[in-house]
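This report covers ring contacts and helix packing. The chain and its model are shown first.

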Amino acid sequence: MKALIHLSFRALGCKLGEDFLFGTATAALQIEGGDKNNNWYRWAEQGHIKDHTSPLRANDHWKRFKEDIELLAELGVQTHRMGLEWSRIEPEPGKFSREGIEHYIEEISLLAKYNIRPLVTLYHFSHPLWFEDKGGWENESSISDFLRYVEFVVSNLKHLVNDWVTINEPNVYLSYGYVLGSWPPGKQDSNAMIRAARNLSLAHIDAYKLIHSLQESEKEPTLVGVAHHLRVFSPLSPFSPLDHFSAFLNDFVFQGIFLEAMGKGKFLPPLGSGYPRGKGNFQDFIGINYYSRDKIQFIWNPPELFAKRVVAQGAPTNDLGWEIYPRGLSLLIKRVWKRYKLPIFITENGTCDREDRFRPQFLYDHLKEVASVIQQGIPVKRYYHWTLIDNFEWIEGESASFGLLANKYETQTRSWRNSAKFYQQICKTKSITPDMVEQYISNRSYVSLP
């Protein structure tokens, strides 16, 4: 095994193509700081964050966005996925903040100055307290509330933005918020989860139609999609029919129903049935957020889908214990391409690695998978690394480090990791050359399982 670990990467490389866009991904609440009018600030104040930090500090990006965009320009990205904080834009129901929207206009205009194409996320787990207090996504009125916010945002930003993510990872938000109860609203209620899932799906469909109607006169094509969190679910034992059944069930309920509902308008149990908004195509690209896979062992626990999720014995893991499984990215790309035949954006991919021991290899291994499917004719168009700077990582707080750049929160000092310098070269050449591999990954940090 030691011989494998130290196998040289010499003479290996990959090309992504001149039209391919490299970028970074961020979420407003995780980096901005300074906002108390949202569900996550309240959750932190109630003592739910593991390291007792708060999104009130985060990266202070709200005040430091100019220097952070200069870092993006120095990194050499061609595109950047950024979120908007709903609570800053609509602090009270139906009352919009000109200060809030003007701030985002200034920020996006600065991206344009550096020729960085924005991909704007409208909803990324965070919303105003008034929305939470009226029932959040469980309340059927959440759909019209979201559309009112979307209409205001798009009307004000459509001259600057053509690419939109309506909703980020609905399955993750629902799993942690309504099944495990570790995220706001902190429930363990499957019926509430299903109501919220239906409303999120319908909100996306309606927002997709609304955005296109508002931007139909714009010169550039409007691209609207969802950033889906997709995982590989594999049976722990390939010889166990029950493990296979449980892996299939988890895949279907965790991600399959959302791909169908939000992409084609087809509601499947337990989400519902039929086409409540009619048949159609409600996405212009497939957004894939990919991090890991789960090995699934069947156990008798019906509310939790008959599954125990485990990490395969001997599998490499990141700082949070997630398996590093690069092959899963190409498997998922092939799957969604076969079903939906739409351009694919890797809207998030990254790893938690405070010491930056294995992130360069992680980047190489996953981009090699992307290059391989492009060579097979699958139109993967963009790659957004999660994330630019270590930030407030939801329930983990400031303890989980996903950034290409490290951050010293007490002074808000950003510093470049080795992986950032590697990614800078990738963005510049749109390839990974043998010399780059030799410079940044002279030896393997891990060996992934098949």
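## Charges over rings

The charged end of Arg293 sits over the ring of Tyr325, at 3.8 Å from the ring centre. Arg309 lies over the face of Phe254, 5.4 Å from the centre of that ring. A charge sits over a ring if NZ of Lys or CZ of Arg is within 6 Å of the ring centre and within 35 degrees of the ring normal.

## Basis of the values

This is a predicted model, in which local features need pLDDT of at least 70 and side-chain atom pairs count only at pLDDT 80 or more, while totals for chains, interfaces and linings use all residues. Residues are numbered from 1 along each chain as its sequence is written, and side-chain values use heavy atoms, with hydrogens and water left out.

## Aromatic pairs

Rings of Phe, Tyr and Trp (its six-membered ring) pair if their centres lie within 6.5 Å; planes under 30 degrees apart count as stacked, over 60 as edge-to-face and the rest as tilted. The count by this rule is 36 aromatic pairs. In one of them, Trp40 and Trp394 have ring centres 4.9 Å apart and planes at 55 degrees, so the pair is tilted. Trp40 belongs to helix H3 (residues 39-45) and Trp394 to the loop between strand E12 (380-386) and strand E13 (405-408), so the pair ties together parts that are 354 residues apart in sequence. Helices (H or I, at least four residues) and strands (E, at least two) are DSSP runs, numbered from the N terminus.

Trp40 counts as buried at 1% relative accessibility, and Trp394 is buried with a relative accessible area of 4%. Buried means under 20% relative accessible area, exposed over 50% and partly exposed in between (1.4 Å probe, protein chains only). For Phe131 and Trp137, the ring centres are 5.3 Å apart and the planes are at 70 degrees, so this pair is edge-to-face. Both Phe131 and Trp137 are buried.

## Helix packing

Helix H9 (residues 170-179) packs on helix H11 (residues 241-264) at an angle of about 135 degrees, with the axes 9 Å apart. Axes are lines fitted to C-alpha atoms, for helices over the stretch in contact, and angles run from 0 to 180 degrees between N-to-C directions. Pro170, Asn171, Val172, Leu174 and Ser175 in H9 meet Phe254, Gln255, Phe258 and Met262 in H11, contact being heavy atoms within 4.5 Å.

The axes of helix H6 (residues 98-113) and helix H8 (residues 142-157) come within 10 Å and cross at roughly 45 degrees. Arg98, Ile101, Ile105 and Ile108 of H6 make the contact with Phe152, Val153, Asn156 and Leu157 of H8.
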